[in-house]
Amino acid sequence: MTHPLRNQETALGNLIADILKDSLGIDLMLLGSGEVRSYELGPVVHYHSLVECLPYDEAVYMLKVTGAQLEHMLRFILREEAFLGEHTEFYQFSHGMQIIWSRKEQVFRKLSLNDQPIEEHQLYSIALSKYHFMNISDFMDISLEETKKNALPRVLATSSRDIVEEYMMVTPHLCREVEGRLIVVD
C-alpha cells in the first residue's frame, strides 16, 4: 500500500485510519497525513518498517463535535492553500466518510458518514493524535473550549502505534485501496 502525497486520499492512510477507527469504536478517525512517514508499506510488514512508517507514537484523543462543527473543520482542512503546496495540515479519513469537495465553488457536493448526510446538530465522536488535538485551533479552526461544550475530550489510547501493531498481528492479509473517501473536483 502506498502514501505518495499528503494532500489526497491514500491506500496506506485508509488502512491506518480504519484500524484506529475500528479499534477505538469512534465515528471518524482523522489521521494526520504527515503522521504516515513512509511512501509504502508491505506486502510483508516487519516491526522496523511499521516504526519507520509511524514514528510518532502518540496518544489518541476523542472529542465530540456537532455536524456543523465537523463541516467547519473540514472546510478549513480543504481550503485552497492545502492544494497549492502551502504548509497546512491534511488528513486521512476512516471508512464510512465520503466527501466530494469543489475547489472552484468552495462547497461540499457531498458530505456524508456511513451513507447518511452530516446532520448539523448531531454529535459525532472523532479521534485525533495528541499533536493534532493540542493544535486543533490552528489545524481545524475550532477551539477545544468550543468542543468541550459538547462533551469533555478523553484519551482513548496512549499508543496509536501499539493499536496498529496489535491489529496487524491478529488480522492477516490487510489491504486497502483509494476508494473515493475524499474526491476533490475543480
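This is a predicted model: local features need pLDDT of at least 70, side-chain atom pairs count only at pLDDT 80 or more; totals for chains, interfaces and linings use all residues.
Residues are numbered from 1 along each chain as its sequence is written, and side-chain values use heavy atoms, with hydrogens and water left out.

To begin with the overall build, the chain has seven helices and nine strands, where helices (H or I, at least four residues) and strands (E, at least two) are DSSP runs numbered from the N terminus. The radius of gyration, taken over C-alpha atoms, is 16 Å, close to the 16 Å that the globule rule (2.2 Å times the number of residues to the power 0.38) gives for 186 residues, so the chain is as compact as a globular protein of that length. Buried residues, meaning those under 20% relative accessible area, with exposed over 50% and partly exposed in between (1.4 Å probe, protein chains only), make up 48% of the 186.

Turning to the interior, a nonpolar core is a set of buried Ala, Val, Leu, Ile, Met, Phe, Trp, Tyr and Cys residues joined through side-chain atoms within 4.5 Å. The largest one has 33 residues, and Leu30, Leu74, Phe93, Ile99 and Met140 touch the most other members. Among the elements that each supply at least two residues to this core are strand S1 (28-32), helix H3 (67-77) and helix H5 (136-140), and the largest share, four residues, comes from H3. Another core, of 22 residues, lies apart from it and includes Ile26, Leu41, Leu54 and Ala127. If we set aside neighbours within four places in sequence, Met140 is in contact (heavy atoms within 4.5 Å) with Leu30, His72, Met73, Phe76, Ile77, Tyr91 and Leu128.

Which residues of helix H7 (residues 160-170) are buried? They are Ser160, Arg161, Ile163, Val164 and Met168. Seen down the axis of H7, these fall within an arc of 160 degrees (by the directions from the helix axis to the C-beta atoms), so they line one face of the helix. On the other side of H7, Met169 and Val170 are exposed.

Finally, the backbone: most residues other than glycine have a negative phi, and most peptide bonds are trans. The bond from Gly42 to Pro43, however, is cis, with omega near 10 degrees, and Pro43 sits in the loop between S1 and H2. Asp141 has a positive phi of about 60 degrees although it is not a glycine, and Asp141 is partly exposed, at 37% relative accessible area.
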